[in-house]
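These are my notebook entries on a single protein chain. I set down what I looked up, topic by topic.

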Amino acid sequence: MARIAYQGEPGANSHLVCKQHYPDWEALACASFEDVFAAVISGEADLAMIPIDNSIAGRVADIHHFLPESDLHIVAEHFLRIEFSLMAVPGATTQTIRTVHSHVHALGQCRKVIRELGLKPLISGDTAGAAREVAEAADPSQAAIAPPLAAEIYGLEILRADVEDEDHNTTRFVVLSRDFVAAPRGDGPVVTTFVFNVRNLPAALYKALGGFATNGINMTKLESYMVGGEFAATQFLAEVDGHPDDPGLKRALEELAFFTTDVKVLGVYPADPFRG
């Protein structure tokens, strides 16, 4: 059976999105993002499901460092509307619970219910892990904030559903493969993701990106981060609408190469309908 790796414990949002889009695959839980990448590189898994952005928390920082160095390629993207539930052991109520366990981001995204119920937030490694810990403790004073799937897996009861503060809380996931599989041109909207370095010179980034403006290319993401601990060299991760074989994008990438070093295309993949 084909396997898709994800970071977190069974019941995490990454597990949920694997089940939604790869229902016939075995989902392989990994303790860290490094383990997820290693599973695909070694062949233990065929694909990886990795969160890359959240509409509230922003980018998942570690991923931007792993991606360019991993030799893995983006072959798909999926958006997941994040739903969190407040859950506890059977018999517990909102009157018995005193503490709430979850990932730091989930706690930050569910402040209203925590404040309303006067709960003490306690940080766990991930949301599904928090649900497992609460189930194992069997203590009606402990609750977890986790996806509804975690309650099903660990035998917890949902005390409150949809406890996230914002109803637009959405995470974007990318699917990674050992093989570079480019989406065909002309078969629907396509996203191209690439990284590049600019020299630390005046107007270097302006010149590097000029070709995208003059060729009418819509750039949907541009993020910078330092590499190798050096302040003099900056790496950028960019995403644009279009296929590298489209005349306009082809010219823009050729122009980009004149002003940068180490341009590397990470993926050419179908745009998720969510973007529309």
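Entry 1, terms and overall picture. I call a residue buried under 20% relative accessible area, exposed over 50%, and partly exposed in between. The model I consulted is a predicted one. I counted nine helices and 15 strands in the protein chain. Its C-alpha trace spans about 65 × 45 × 35 Å along the principal axes. Of the 276 residues, 49% are buried. I then looked up contacts between residues at least 6 apart in sequence, and 74% of these join residues at least 24 apart.

D162 has a phi near 50 degrees, which is positive although the residue is not glycine. The loop that holds D162 runs between β10 and β11 (170-177). With a relative accessible area of 48%, D162 is partly exposed; the limit for exposed is over 50%. The phi of D71 is also positive, near 65 degrees. D71 sits in the loop between α3 and β5. Its relative accessibility of 52% makes D71 exposed.

How many disulfides does the structure hold? I found zero. C18 takes part in no disulfide, and the nearest cysteine sulfur, that of C30, is 9.9 Å away. The cut-off for a disulfide is a sulfur pair within 2.5 Å. I also looked up burial: C18 is buried at a relative accessible area of 1%, and C110 is buried at 0%.

The largest nonpolar core here has 39 residues. Those with the most contacts inside this core are M49, L86, M87, A131, I145 and L156. Strand β9 (residues 142-146) supplies the largest share of the core, four residues. A second, separate core has 24 residues, including A5, V40, A48 and I52. I then examined A131 of the largest core. Leaving aside residues up to four places away in sequence, A131 touches M87, A144, A146, A150, Y154 and L156.

Entry 5, the five-stranded sheet. In what order do the strands of the open sheet lie? I read β8-β7-β9-β6-β10, with mixed pairing. The edge strands are β8 (120-123) and β10, each of which pairs on one side only. On average, neighbouring strands of this sheet are turned by 35 degrees against each other, direction ignored. Helix α6 (residues 127-137) packs on the sheet and touches β6, β7 and β9. The direction of α6 makes about 155 degrees with that of β9.

I followed the pairing strand by strand. Strand β7 (residues 99-102) runs parallel to β8, joined by four bridges. H101 has L122 as its bridge partner in β8. β6 and β9 run antiparallel, again with four bridges, and L86 has I145 as its partner in β9. β6 also pairs with strand β10 (residues 157-160) in the antiparallel sense, over three bridges. There, A88 has E157 as its bridge partner in β10.

Are the two faces of β6 (residues 85-88) covered or open? I recalled that in a regular strand the side chains alternate between the two faces of the sheet. In β6, S85 and M87 lie on one side and L86 and A88 on the other, and all four are buried, so both faces are covered.

Entry 6, aromatic pairs. I found six aromatic pairs in the structure. One of them joins F37 and F66: the pair is tilted, at 5.5 Å centre to centre and 55 degrees between the planes. F37 belongs to helix α2 (residues 33-42) and F66 to helix α3 (residues 61-70), 29 residues apart, and the pair links these distant parts of the chain. F37 is buried at 5% relative accessibility, whereas F66 is partly exposed at 23%.

Why does the pair of F79 and F274 count as stacked? The ring centres are 4.6 Å apart and the planes are at 15 degrees, and planes under 30 degrees apart count as stacked. F79 lies in strand β5 (residues 73-81) and F274 in the segment after β15 (260-270), so this pair ties together parts that are 195 residues apart in sequence. Lastly, I noted a cluster in which ring pairs link F194, F196, F212 and F236.

Methods:
Residues are numbered from 1 along each chain as its sequence is written. This is a predicted model: local features need pLDDT of at least 70, side-chain atom pairs count only at pLDDT 80 or more; totals for chains, interfaces and linings use all residues. Side-chain values use heavy atoms; hydrogens and water are left out. Buried means under 20% relative accessible area, exposed over 50%, partly exposed in between (1.4 Å probe, protein chains only). A nonpolar core is a set of buried Ala, Val, Leu, Ile, Met, Phe, Trp, Tyr and Cys residues joined through side-chain atoms within 4.5 Å. Contact means heavy atoms within 4.5 Å. Two strands pair if DSSP finds at least two bridges between them. Axes are lines fitted to C-alpha atoms, for helices over the stretch in contact, and angles run from 0 to 180 degrees between N-to-C directions. Rings of Phe, Tyr and Trp (its six-membered ring) pair if their centres lie within 6.5 Å; planes under 30 degrees apart count as stacked, over 60 as edge-to-face and the rest as tilted.
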